[in-house]
Amino acid sequence: MEECINKCMGSLNAKINDVGRALSARINTAAGRIEDTSRRVEDNRCIDETNKR
């Protein structure tokens, strides 16, 4: 019985780790996109300021 519980716990831990890695990758990807968008917005502001002069 204890062996079965340990096996199930090991399997659950592995699945939790997989989900954690997948979420982390998605968060990092989203953060990268936000950073890229922020950089483009800042670049466009600089272009607008230059064009106004």
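**The cysteine pair and its surroundings**

Tutor: The sulfur of Cys8 lies 4.4 Å from the closest cysteine sulfur, that of Cys4, which is too far for a bond. A disulfide here means a pair of cysteine sulfur atoms within 2.5 Å. The model is predicted, so local features need pLDDT of at least 70 and side-chain atom pairs count only at pLDDT 80 or more, while totals for chains, interfaces and linings use all residues. Residues are numbered from 1 along each chain as its sequence is written, and side-chain values use heavy atoms, leaving out hydrogens and water.

By the disulfide rule, the count is zero. Cys4 is in no disulfide, and its nearest cysteine sulfur is that of Cys8.

Cys4 is partly exposed because its relative accessibility is 47%; the class lies between buried (under 20% relative accessible area) and exposed (over 50%), with a 1.4 Å probe and protein chains only. Cys8 is partly exposed too, at 43%.

Now the nonpolar surface. Met1, Ile5, Met9, Leu12 and Ile16 form a nonpolar patch with about 570 Å² of accessible area together. Patch residues have over 30% relative accessible area and no salt bridge, and nonpolar side chains are joined within 5 Å. A salt bridge puts a Lys or Arg side-chain nitrogen within 4 Å of an Asp or Glu carboxyl oxygen. Within this patch, Met9 has a relative accessible area of 44%, so Met9 is partly exposed.

Met9 lies in helix 1; helices are DSSP runs of H or I, at least four residues, numbered from the N terminus. Helix 1 covers residues 2–52 and includes Thr37.

Key. Helix = DSSP H or I, 4+ residues; strand = E, 2+ residues; numbered from the N terminus. Patch = residues over 30% accessible without salt bridge, like charges linked within 9 Å, V, L, I, M, F, W, Y side chains within 5 Å. Areas by Shrake-Rupley, 256 points an atom, 1.4 Å probe, with all protein chains shown as cover.
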